[in-house]
Amino acid sequence: MSDEPTQVEGLGSVPHAYYAREEPLTGVVLLPSQADHDTGEHPENIRRLPGVVDLLRASPEWQRLFVLYPRYARTQDALRAHDAGFIELLEAAGGDAPVWLDTDTRVSPGSFRTSMLAAGAALGAVDAVAMEAYHRPDSLFTLTRPPGHHTGRDRAMGFCLVNHVSIAARYAQEQYGIERVAILDWDVHHGNGTQEIHWDDPSVLFVSLHQWPLYPGTGWLDEVGAGAGVGRTLNIPMPPGSGDAEYLEALDRVALPAIEAFRPGLLLVSAGQDGHAADPLSDQALSLSGFRGMAERAAMLARRLGVGLVVVHEGGYNVSTLPAIDRAILAGLGGFDVPLDDVFVPAEARAADAWPDRLRAVLDVQRPHHPDIG
Ligand SMILES: [Zn+2]
């Protein structure tokens, strides 16, 4: 497949190919006040992101990155993905804080504001990659918390308050007239909230790679959407023990060809780093170079399509490894060389035995909907 960006007609999107450069430009959106969402002793806590920002600031590539700061998403932005009563409940919950919205989703007084700032980071990133200007980032990575992909239309769950990636997809459609948006979710948990919001929506292709079985229990390969959205949900349940080889094969043979054929006007990634070998919440074996490879593939696909790419931070719960993983993702987006030695992954990573059969099963279910995969 050619690396040359091609101009795609009729997407209602900015023809990025017109502005194509030799070097891709990337950067970050930083939350100035994520500590206001204070969950206490919890895997999703205020200690997750500062180390990421510290490592990036100390790295040689920092000077090459765009650095943006977000505005708050407005209520009307959130209402494109959520019910009004749910947003009111979230806003009111801060007044009674600390409260638990489900068994693992804790709210402090500043939690709703922080999640709306994280959503605003994704919206600002959409604005920046959609800009009609030569000096524009090709991609942006929002370094935000809490995550958002478990929240559906009217229920917070799994550490998530509002669904940032869904709010961003709907914003891009409304603000920029982008007809079709693709969401690639590589968080180790299934993005059940995103799936629910776009379940019968033919304008959003949702593709999820997630460990199976694992929380929240949804995302089996036969969940393909409903009504006009049949074929617009594509689940790739990865067997426990899956590592770089399995994830990259799932992208190369299923996820990326399906997204490319869908011809989205914008690519969003729900980037959870909890599939890394050292993450406490999963059994997967992804390495730094695996994350770099996934990000690089997403960036190359966006470039081929001539569209912007926004990578939204989801999970990733080992505070000591998350900085290097997020740096590896930025390296993939921007084409940087960074250290990828990963002491947590054995040199001879054992392949997940169940993977070949699983891949065949996914292909069998999805080929009728996506003839280009295989
Ligand atoms: Zn996760």
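How many bridges join strand E1 to E5? Three do, and E1 (residues 27-30) and E5 run parallel; strands count as paired if DSSP finds at least two bridges between them. Helices (H or I, at least four residues) and strands (E, at least two) are DSSP runs, numbered from the N terminus. The model is a predicted one, so to speak of local features takes a pLDDT of at least 70, side-chain atom pairs count only at pLDDT 80 or more, and totals for chains, interfaces and linings use all residues. Residues are numbered from 1 along each chain as its sequence is written, and side-chain values use heavy atoms, with hydrogens and water left out.

As for cover, five of the five residues in E5 (residues 139-143) are buried, meaning under 20% relative accessible area with a 1.4 Å probe, protein chains only. Both faces are covered: Ser139, Phe141 and Leu143 lie on one side, Leu140 and Thr142 on the other.

Zooming out, the chain holds ten helices and ten strands, and buried residues make up 61% of its 374 residues. Its C-alpha trace spans about 55 × 50 × 45 Å along the principal axes. Of the contacts (heavy atoms within 4.5 Å) with a separation of 6 or more, 79% are between residues 24 or more positions apart.

Definitions and conventions:
Buried < 20%, exposed > 50% of the residue type's maximum accessible area, 1.4 Å probe, protein only.
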